Amino acid sequence: MQDNLIRKMSFEQKKEAKLFYEQLLAENPQHPDGLHLLGLTLLQSGDPAAAAVWFRTLPPGPTQRLALDNILTEWGRRDAPAAAAFVLSLPPDRTQHAAAVHLATLVLRHQLEAAVVHIVG
């Protein structure tokens with residue numbers, strides 16, 4: 001639901017929301033909603049690279065994994081090579097492995113969809 005609300009915000013509203021979440025996190029750096037919503041705002045503003053930098057500040061756990069999936073889904077659509085470079089920059093652990101599998105699945109799905117459109121016309 002929060003993701004849909006942020007997606008519908010205007011560019012100016014997203015800028016204001018980003019400033020609000022940054023101020024909130026300056027006061028309380030581990031505020032869970034602030035962390036989550038700042039990342040969504042960055043992502044929905046069309047800046048997956050900034051969202052990836054933000055991702056590195058999240059504590060390990062389910063929120064981090066969900067954020068990574070969201071970032072890679074958006075970034076993979078826009079610039080798969082840059083998203084892959086980000087995945088390779090992660091520490092070689094389960095998170096990196098899961099991210100690599102997620103991104104590879106997205107790329108393959110996109111190629112399959114493009115092939116079907118080409119064949120069907």
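This is a predicted model: local features need pLDDT of at least 70, side-chain atom pairs count only at pLDDT 80 or more; totals for chains, interfaces and linings use all residues.
At what angle do helix H4 and helix H5 pack, and how far apart are their axes? Side-chain values use heavy atoms, with hydrogens and water left out.

H4 (residues 48-55) and H5 (residues 62-89) pack at about 135°, and their axes lie 9 Å apart. H4 is therefore oblique to H5. Axes are lines fitted to C-alpha atoms, for helices over the stretch in contact, and angles run from 0 to 180 degrees between N-to-C directions. Angles under 35 degrees count as roughly parallel, over 145 as roughly antiparallel, 65 to 115 as roughly perpendicular and the rest as oblique. The crossing of H4 past H5 is left-handed. A crossing is left-handed if the near helix is turned anticlockwise from the far one by less than a right angle, and right-handed if clockwise. On the H4 side, the contact (heavy atoms within 4.5 Å) is made by Pro 48, Ala 49, Ala 51, Ala 52, Trp 54 and Phe 55. H5 contributes Gln 64, Ala 67, Leu 68, Ile 71, Trp 75, Arg 78 and Phe 86. By class, this contact of H4 with H5 has 11 nonpolar residues, one polar and one charged. Ala, Val, Leu, Ile, Met, Phe, Trp, Tyr, Cys and Pro count as nonpolar, Asp, Glu, Lys and Arg as charged, and the others, Gly among them, as polar.

The protein chain holds six helices and zero strands. Helices (H or I, at least four residues) and strands (E, at least two) are DSSP runs, numbered from the N terminus. The C-alpha atoms fill a box of roughly 55 × 35 × 20 Å, taken along the principal axes.

H4 also packs with helix H3 (residues 32-44). Their axes come within 7 Å and cross at roughly 160°. H3 is therefore roughly antiparallel to H4. H3 passes H4 in a left-handed crossing. Leu 35, His 36, Leu 38, Gly 39, Leu 42 and Leu 43 of H3 make the contact with Pro 48, Ala 50, Ala 51 and Trp 54 of H4. Eight of these residues are nonpolar, two are polar and none is charged.

The axes of H5 and helix H6 (residues 94-120) come within 9 Å and cross at roughly 60°. The two helices are therefore oblique to each other. H5 passes H6 in a right-handed crossing. Among the H5 residues in the contact are Leu 68, Leu 72, Gly 76 and Ala 80. Those of H6 include Thr 95, Ala 99, Leu 103 and Val 107. The contact divides into 12 nonpolar residues, six polar and one charged.

One cavity of 30 Å³ or more is present. On a 1 Å grid over the protein atoms alone, a cavity is a set of points where a 1.4 Å probe fits but cannot get out; lining residues have an atom within 4 Å of a point. Grid points are joined across faces, edges and corners, and a volume is the space filled by probe spheres set on the points. The largest cavity has a volume of about 60 Å³. Its lining comprises His 36, Gly 39, Leu 40, Leu 43, Trp 54, Thr 63, Leu 66, Ala 67, Asn 70 and Ile 71. H5 gives the most to this lining, with five residues. Six lining residues are nonpolar, four are polar and none is charged.

Methods
Residues are numbered from 1 along each chain as its sequence is written. On a 1 Å grid over the protein atoms alone, a cavity is a set of points where a 1.4 Å probe fits but cannot get out, and a pocket is an open set with protein on both sides within 12 Å along at least five of seven lines; lining residues have an atom within 4 Å of a point.
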